[in-house]
Amino acid sequence: MTGRTHMAVGAAAALLAAPLAARLTGAQVTGVAPVLQALLGGMVGGMLPDTDVATSTGSKELRRAWAALAVLVACGLAYDHLHGSDLVVGVASHFSYEQIAGAAVLVATCAVGRASGHRGFSHSIPALVFATFGMWMLCKPLAAAFGVGYLSHLVLDVLNKKGIRLLWPMRANARLGLFESGGVADWLLFIAGIVTCAIVAAARLDALPAWIAGLPAAVRGALPW
């Protein structure tokens with residue numbers, strides 16, 4: 001599937017799975033912060049597996065993130081040098097060893113994925129576990145949504161005609177061959193993801209259209225959001 005579809009479906013899946021995660025962690029589901037965390041975590045998790053190929057949306061966004069980080073650090077160091085301050089050190093001191101280790105796990109997951117080739121390690125269950133654990137150490141509020149988004153990527157690619165090495169390092173490909181990247185199904189899944197995100201986010205923010213809000217309580221209770 002294309003990068004836009006993986007991000008849209010990842011975000012939608014994270015929003016829909018948020019109530020289950022809330023039962024396990026006690027986190028909030030409604031409100032601006034939980035909705036944004038689900039959207040961001042789901043989108044990042046949905047696109048991260050494709051960092052194993054240089055031309056993917058995930059790789060392009062990751063390169064932009066690294067470039068932005070490098071510029072920020074360079075500007076910070078230049079400011080410190082000119083003003084005799086310790087801005088960069090001060091910012092870095094706010095990151096714990098656990099967060100630094102989490103970032104290292106995520107970087108290592110992406111690196112091994114790139115080394116193993118497209119639809120290799122990064123598209124496997126071991127990578128899902130490692131990446132989600134890394135995100136949990138780096139930023140706990142995003143971890144559940146990230147894991148759900150990552151899982152949605154694997155599910156979509158299993159439906160694809162090319163398949164993935166789900167049980168890497170085993171060479172067997174897991175595939176159902178139902179869809180093709182860039183085809184009609186890809187577009188339909190993208191649209192379904194966007195629509196689901198809009199409806200569920202509106203429900204969590206108490207901004208549903210009047211005709212939905214006016215449904216009987218029993219009907220609203222049966223809806224997935």
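Helices here are DSSP runs of at least four residues, numbered from the N terminus. The model in these views is a predicted one.

**View 1. The largest pocket and the helix that lines most of it.** Helix H3 hands over the largest share of this lining, 10 residues. The pocket itself holds about 1000 Å³. In all, 30 residues line the largest pocket, and the ones closest to its centre are Ala65, Trp66, Leu69, Ala103 and Leu138.

**View 2. The helices around the largest pocket.** Which elements give two or more residues to this lining? They are H2 (32–47), H3 (57–83), H4 (87–92), H5 (97–116), H6 (125–138) and H7 (140–159).

**View 3. What sort of residues line the largest pocket.** Sorted by class, you get 25 nonpolar residues, 4 polar ones and 1 charged one.

**View 4. Into the second largest pocket.** This one has a volume of about 470 Å³. Its lining runs to 21 residues, with Ala21, Thr25, Pro141, Ala144 and Ala145 closest to the centre.

**View 5. The helices around the second largest pocket.** Which of the helices gives the most? That's H1, with 8 residues.

**View 6. What sort of residues line the second largest pocket.** Here the count by class comes to 17 nonpolar, 3 polar and 1 charged.

Technical notes. Residues numbered from 1 in each chain as written. Predicted model: local features only at pLDDT ≥ 70, side-chain atom pairs only at ≥ 80, totals over all residues. Heavy atoms only, no water. 1 Å grid on protein atoms, 1.4 Å probe; cavity = no way out; pocket = protein on both sides within 12 Å on 5 of 7 lines; lining within 4 Å. Points joined across faces, edges and corners; volume = space filled by probe spheres on them. Nonpolar A, V, L, I, M, F, W, Y, C, P; charged D, E, K, R; others polar.
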